Amino acid sequence: MAFLAGASPVAWASAPQEKVFCTDAPRTQWIPEAEARERFGASRYVLVKYKVSKGNCHEFYAVDAQGTVVETYMHPVTGETVRTTRIPASASPATPPRAPQ
């Protein structure tokens, strides 16, 4: 997960004017995280980070085998993809070099 921790915020976060809102529905009506991961297709990716966004969406950050970064917002009640952004490996920020020990 070092790549996720060291990634530039520009590549990993939506700009404030792009905030995605999904629902006000209570979490008891949401599909579980495991089902959301399955619908997202998490098994196709090398790295996957999951969180609940401020707009109440299932939010995934993932990296595929080619290094493409994917950010996806999923409606937590319907399971529909609300928005997906892909950043090709050539446009992704380089991992910063490690400091000498």
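**Close-up views of a predicted model**

**View 1. The largest nonpolar core of this predicted model has eleven residues.** Its members are Ile31, Ala36, Phe40, Ala42, Tyr45, Val48, Tyr50, Phe60, Ala62, Val70 and Met74, where a nonpolar core is a set of buried Ala, Val, Leu, Ile, Met, Phe, Trp, Tyr and Cys residues joined through side-chain atoms within 4.5 Å. At least two residues of this core come from each of α3, β1, β2 and β3 (69–74), the helices (H or I, at least four residues) and strands (E, at least two) being DSSP runs numbered from the N terminus. Buried denotes under 20% relative accessible area, exposed over 50%, and partly exposed the range in between, with a 1.4 Å probe and protein chains only. When residues up to four places away in sequence are not counted, Ala42 touches Arg37 and Val48, a contact being heavy atoms within 4.5 Å. In soluble globular proteins, nonpolar side chains tend to be buried together.

Residues are numbered from 1 along each chain as its sequence is written, and side-chain values use heavy atoms, with hydrogens and water left out. As this is a predicted model, local features need pLDDT of at least 70 and side-chain atom pairs count only at pLDDT 80 or more, whereas totals for chains, interfaces and linings use all residues.

**View 2. Phe40, Tyr45, Tyr50 and Phe60 form one aromatic cluster.** The structure holds three aromatic pairs, a pair requiring that the ring centres of Phe, Tyr and Trp (its six-membered ring) lie within 6.5 Å, with planes under 30 degrees apart counted as stacked, over 60 as edge-to-face and the rest as tilted. One of these pairs, Phe40 and Phe60, is stacked, at 4.4 Å centre to centre and with 5° between the planes. Phe40 lies in helix α3 and Phe60 in strand β2, so this pair ties together parts that are 20 residues apart in sequence. Phe40 counts as buried at 6% relative accessibility, and Phe60 is buried with a relative accessible area of 0%. Phe60 also pairs with Tyr50 in a tilted arrangement, 5.3 Å centre to centre and 55° between the planes. Tyr50 is buried, its relative accessible area being 18%.

**View 3. Cys22 and Cys57 form a disulfide, with their sulfur atoms 2.0 Å apart.** Under the rule that a disulfide is a pair of cysteine sulfur atoms within 2.5 Å, the count comes to one disulfide. The link of Cys22 and Cys57 is right-handed, with 100° about the S-S bond. It joins distant parts of the chain, 35 residues apart, since Cys22 sits in the loop between α2 (9–12) and α3 (33–40) and Cys57 in the loop between β1 (47–52) and β2 (58–63). Cys22 is buried at a relative accessible area of 11%, and Cys57 is buried at 0%.

**View 4. The protein as a whole has three helices and four strands.** From the N terminus on, its elements run α-α-α-β-β-β-β. Buried residues make up 40% of the 101 residues. Among contacts between residues at least 6 apart in sequence, 44% join residues at least 24 apart.
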